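Biologist: I am new to this structure. Could you take me through the chain?

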Amino acid sequence: MRYTRRSVVSLAPAEPGWDVEVTKAGEEAVLCPVIGWAIVVLDTSAEGLTETAIEPAFVYDGAVYTPAELAHSIGELDYQIIEPEE
C-alpha cells in the first residue's frame with residue numbers, strides 16, 4: 001500500500017467527553033466532539049519511510065475530519081484539544 005500525506009492509516013475510538021476547539025482566522029471558535037484518535041501520515045520519503053502522528057478525529061459541520069484534513073479543506077486553522085472534565 002502506498003501512503004500519501006494526510007492519509008488516516010488507523011483509527012481508535014475516543015472515550016466520551018473529548019472535544020476540539022477549531023478556530024479559523026477571523027471567525028469564532030467552534031467546539032467539535034472527538035469521536036476517535038487517528039494515526040495520520042505527515043510525510044513519506046522516496047525510501048519508503050513514513051512519518052506519522054496521532055490526531056483527533058472529530059465531527060465538524062456534519063462530517064468527520066482530522067485537523068490536517070480540515071485545514072486542507074477550509075484553509076489555515078488553529079485547534080486545541082479539550083480533555084474531559086473529571
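## A walk through the chain

Modeller: Start before the strands. Arg6 sits in the segment before strand S1 (8-13). This is a predicted model.

Biologist: Is Arg6 buried, partly exposed or exposed?

Modeller: Buried means under 20% relative accessible area, and exposed means over 50%. Arg6 has 28% relative accessibility, so Arg6 counts as partly exposed.

Biologist: What is the phi of Arg6?

Modeller: Most residues other than glycine have a negative phi. Arg6 is not a glycine, yet its phi is positive, at about 75 degrees.

Biologist: Now the whole chain. In what order do its elements run from the N terminus on?

Modeller: The secondary structure comes to one helix and six strands. Helix H1 covers 67-74, and strand S6 covers residues 77-82. From the N terminus on, the order is β-β-β-β-β-α-β.

Biologist: How are S3 and S4 paired, and over how many bridges?

Modeller: S3 and S4 form a hairpin with five residues between them. In the turn, Gly48 has a positive phi of about 95 degrees. The pairing is antiparallel, over nine bridges.

Biologist: Which residue in S5 is the bridge partner of Val59?

Modeller: S4 and strand S5 (residues 63-65) run antiparallel, joined by three bridges. In S5, the partner of Val59 is Val64.

Biologist: Where does Asp61 lie, and is it buried or exposed?

Modeller: Asp61 lies in the loop between S4 and S5. The hairpin of these strands has two residues between them. Phi of Asp61 is near 55 degrees, a positive value in a residue other than glycine. The relative accessible area of Asp61 is 75%, so Asp61 is exposed.

Biologist: Which residues make up the largest nonpolar core?

Modeller: Strands S2 (19-24), S3 (30-44) and S4 (50-60) are the elements that give two or more residues to this core. The core has nine residues: Ala14, Val20, Val22, Cys32, Val34, Phe58, Tyr60, Leu70 and Leu77.

Biologist: Is Thr66 buried or exposed?

Modeller: Thr66 lies in the loop between S5 and helix H1. Neighbours within four places aside, its contacts are Val8, Ala38, Val40, Glu55, Pro56 and Phe58. Thr66 has 2% relative accessibility, so Thr66 counts as buried.

Biologist: And Gln80: which residues is Gln80 in contact with?

Modeller: Gln80 is in strand S6. Gln80 is partly exposed, with a relative accessible area of 47%. Gln80 and Val30 are 50 residues apart in sequence, but 11 Å apart in space, C-alpha to C-alpha. Beyond neighbours within four places, the contacts of Gln80 are Asp19, Val20 and Glu21.

Biologist: What percentage of the residues count as buried?

Modeller: The C-alpha trace spans about 40 × 30 × 20 Å along its principal axes. The chain exposes about 6,100 Å², and carbon and sulfur atoms supply 49% of that. Of the 86 residues, the buried share is 21%.

Biologist: Last one. How many Å apart are the mean positions of the positive and negative charges?

Modeller: The chain has 4 positive and 16 negative charges. Their mean positions are apart by 16 Å.

Note on methods. Residues numbered from 1 in each chain as written. Predicted model: local features only at pLDDT ≥ 70, side-chain atom pairs only at ≥ 80, totals over all residues. Heavy atoms only, no water. Core = buried A, V, L, I, M, F, W, Y, C linked by side-chain atoms within 4.5 Å. Buried < 20%, exposed > 50% of the residue type's maximum accessible area, 1.4 Å probe, protein only. Helix = DSSP H or I, 4+ residues; strand = E, 2+ residues; numbered from the N terminus. Areas by Shrake-Rupley, 256 points an atom, 1.4 Å probe, with all protein chains shown as cover. Lys, Arg positive; Asp, Glu negative; His and termini not counted. Charge placed at Lys NZ, Arg CZ, Asp CG, Glu CD. Pairing = 2+ DSSP bridges. Contact = heavy atoms within 4.5 Å.
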